[in-house]
Amino acid sequence: MQKEIIVLLGGPGTGKSTLINELVARGFCCYPEISRQVTMKAQQEGIEQLFLEQPLLFSEMLLEGRIEQYKNALEEPDNVVFIDRGIPDVVAYMDYIGDEYPERFTKACEDYKYSKTFILPPWEEIYQSDAERYENFEQAVKIQEHLIETYKKYGYELIEVPKDTVENRILYILDKI
């Protein structure tokens, strides 16, 4: 079987991390979202919202972390690896806020390709803000639009995961791979 590196994507609060946690519980190799780690590290250094205060630095740190995740996934003994958010997410977020970024951002999107991309739609009933998630639901919907546009630009076919129970969403994903 060929290595499958599968990304779960979607705007904030769509249930990606919940699905990743359930996949881990079922024994799948999964890589977590790293933006919370980057944000918390910056907060420990006195920068409350690194993405808002220094978006390019934040995005560069995310890009490097996501490239590292991709490379590590290639080395995993498991044939299937799930990743919470992918490299094109970095470009989508930069486009969302209207900031410029170096060419290496787009080059990374071209160089590191995922096997499959599952997108989770905005879901107001489960959406929650917290210390690391500053966006409101309307902003989350706008981010979703940028994610769709960016992934399609890089040639991905997005498989939409229906709004349903965690169990049924997992079964849907597993059925598609």
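What percentage of contacts in the chain between residues at least 6 apart in sequence join residues at least 24 apart? The value is 77%, where contact means heavy atoms within 4.5 Å. The model is predicted: local features need pLDDT of at least 70, side-chain atom pairs count only at pLDDT 80 or more, and totals for chains, interfaces and linings use all residues. Residues are numbered from 1 along each chain as its sequence is written, and side-chain values use heavy atoms, with hydrogens and water left out.

**Whole chain**

The chain holds 8 helices and 5 strands, assigned as DSSP runs (helices H or I, at least four residues; strands E, at least two) and numbered from the N terminus. In sequence order, the elements give the pattern β-α-β-α-α-α-β-α-α-β-α-β-α. The radius of gyration is 15 Å, close to the 16 Å from the globule rule for 177 residues, so the chain is as compact as a globular protein of that length. That radius is taken over C-alpha atoms, and the rule is 2.2 Å times the number of residues to the power 0.38.

Switch to the C-alpha trace, which spans about 40 × 35 × 30 Å along its principal axes. With a surface displayed, the chain exposes about 8,800 Å², of which carbon and sulfur atoms supply 48%; the areas come from the Shrake-Rupley method with a 1.4 Å probe, and for residues only the protein chains shown count as cover. Of the 177 residues, 49% count as buried (under 20% relative accessible area; exposed is over 50%, partly exposed in between; 1.4 Å probe, protein chains only).

**Helices H5 and H6**

Select residues 87-97 (H5) and 103-111 (H6), whose axes lie 8 Å apart at an angle of about 145°. Axes are lines fitted to C-alpha atoms, for helices over the stretch in contact, and angles run from 0 to 180 degrees between N-to-C directions. On the H5 side, display Ile87, Pro88, Val90, Val91 and Met94; on the H6 side, Phe105, Thr106, Ala108 and Cys109 make the contact. These residues comprise 8 nonpolar, 1 polar and no charged (Ala, Val, Leu, Ile, Met, Phe, Trp, Tyr, Cys and Pro count as nonpolar, Asp, Glu, Lys and Arg as charged, and the others, Gly among them, as polar).

**Arginine 85**

Step back to arginine 85, in the loop between strand E3 (80-84) and H5. Its phi is near 80°, a positive value in a residue other than glycine. Arginine 85 counts as buried, at 5% relative accessibility.

**Glutamine 144**

Next, select glutamine 144 in helix H7 (residues 137-153). Is glutamine 144 buried or exposed? Its relative accessible area is 5%, so it is buried. Leaving aside neighbours within four places in sequence, glutamine 144 is in contact with Gly10, Gly11, Thr14, Ile119, Leu120, Pro121 and Pro122.

**Serine 35**

Move to serine 35 in helix H2 (residues 35-44). Serine 35 counts as buried at 16% relative accessibility. Residues up to four places away in sequence not counted, serine 35 touches Phe58, Leu62 and Arg66.

**Glutamate 22**

Finish at glutamate 22 in helix H1 (residues 16-25), which counts as partly exposed at 26% relative accessibility. Which residues does glutamate 22 touch, not counting those up to four places away in sequence? They are Val166 and Ile170.
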